[in-house]
Amino acid sequence: MDKPEHSCGIVGTALTCNAAPTLKKALRVIQHRGQESAGIAVFDEHIKFVRGMGLVHEVLSGREFNALSGNVGIGHVRYSTTGTSSVENCQPMVVSTSAGELALGHNGDIVNADKVRAKLQSEGWAFLTSTDSEIIIRILANELTQTGDAVKAIKNTMRMLDGAYSLALMIGNRIFGVRDPLGFRPLCIGKLQNGYGIASESAVFDVLHGEFMRDVAPGEIVELTPDRFSSTRVPGPVHKAHCMFEWVYFARPDSIVDGKEVYRVRKNIGRKLAEEQPVEADVVVAVPDSGRGHALGFAEGSGLKYEEGFMKNRYVERTFIMPEQNLRDEGVLLKLNPIKSTVSGKRVVIVDDSIVRGTTMRKIVQMVRRAGAKEVHVRIGCPPIRAPCYYGIDMKTREQFAATNRSIEEISHLITANSLGYTSLKGLVEALEIPESDLCMACLNAEYPTNVPGERMRFQQRLEVEI
Ligand code: 5GP
Ligand code: MG
């Protein structure tokens, strides 16, 4: 079986009223983080759950969902990737132990999962799936049985895991949020009308008429109750490893991730890009939707006019994950069509957040030319992606990247552009206004914040501190 991906979204709530409708709404707000499967688990004497393949409003409806009651619960949306679409990977994952029942929603990827699994197997443990989430829940169940103390069990589990994990946990009727000590994936806490919640992104609390309070700190465990939340922390490295791609592409523009509003960061990146990679042109257009902030920043920085360049059909499924090249090509055409008066006879700058394989941009450049553009220049917010991500973004093999073994000139040729420019690493860091040593940029510079077999580890990891 292919290794499942975990670029996902998670939520959790402790309320004084039925939690299921709130969890459903919260998951709809972070639907962009995963469209393959959705699920929630609530506590009502026992843990009860509804989960399945599909979008949140499809999975969480009908008799089974309407019958859910219980004031506490967690939820999960899972990201779609090729080869791994199956019901058994749906979350929350639920298990029952002599110390009680527990449910888990996981965003991230555990890098030492295979090693930990092999070790446990040699001690006689059996596993049902090859997922890293099963490892988390099994270790946690074991620790819970041994210690009988939820927080101690979570801490002991964290000690065994290496990599990216933001977790929504339900242990019996208790709700916890957990963020790995390097803080790869986001997680935040908010006040809701009838209690407290955790969510992958702060936009959840806006939509639920709640109040975003703060990020869960790297290495922090929070427990939610309807009237308060409490917090403990485990020791971790001095430097963090926030995934830069959350701001560049993944998170919603209206979310605040680790203190930085995503839209503002994207505009900063666009301004840097204009400064570093200027071009003589008539009009700036964005590849919707994730390229918009970058393009607006570019227009502002360059003084060039910004126009809507494409109609996006939002009812078409995503092209990024389609297994076959010709399907992907068709998909891009179905999804985007140029607006002729914007591009015809013009020197056009197309701005997007990232080039991964280059498939999308090649198609886009060609359609803009067909619509009559005189020149097509491409500017990209994210520096060239060259190295695999082991922390939960679906960029796994070097062969797939347009930037592997190609100069910028050659990539420009590949996508058939008149010119191509990327924001520099330094420019990206400045735009983020976060020290480089607290960011994970492994997919750009191949320096990994944790030990990954066969890859180079970045320097900071050895500086362990107690807090
Ligand atoms: P490419 O064709 O170069 O592989 O895809 C790049 C395009 O996909 C960009 O427009 C970018 O916004 C988008 N993209 C980048 N990373 C991801 C991802 O992890 N998932 C999805 N669905 N799209 C992505
Ligand atoms: Mg895009």
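Colleague: Which parts each supply at least two residues of the shell around ligand 1?
Modeller: α8 (244-250) and α13 (359-370). Helices here are DSSP runs of H or I with at least four residues, strands are E runs of at least two, and both are numbered from the N terminus. This is a predicted model, where local features need pLDDT of at least 70, side-chain atom pairs count only at pLDDT 80 or more, and totals for chains, interfaces and linings use all residues. Residues count from 1 along each chain as written, chains are lettered from A and ligands numbered from 1 in the order written, and side-chain values use heavy atoms, without hydrogens and water.

Colleague: How many residues surround ligand 1?
Modeller: There are 15 (each with a heavy atom within 4 Å), and the closest are Y79, D352, D353, G358 and T360.

Colleague: Which side chain has an N or O atom 2.3 Å from a nitrogen atom of ligand 1?
Modeller: That is Y79. Y249 brings a polar side-chain atom to 2.8 Å from a ligand nitrogen. D353 has a side-chain N or O atom 2.5 Å from an oxygen atom of ligand 1.

Colleague: How much of ligand 1 does the protein bury?
Modeller: The protein buries 94% of the 520 Å² that ligand 1 exposes when taken alone (Shrake-Rupley method, 1.4 Å probe).

Colleague: New topic. How many salt bridges are there in the whole structure?
Modeller: The search finds 26 (a side-chain nitrogen of Lys or Arg within 4 Å of a carboxyl oxygen of Asp or Glu). One of them joins E246 and R185, with N to O at 2.8 Å.

Colleague: What does the pair tie together?
Modeller: E246 is in helix α8 and R185 is in the loop between β8 (174-179) and β9 (188-192), so the pair ties together parts 61 residues apart in sequence.

Notes
A polar contact is a pair of N or O atoms within 3.5 Å; within protein, one must be able to donate a hydrogen and the other to accept it, and residues adjacent in sequence count only if both atoms are side-chain atoms.
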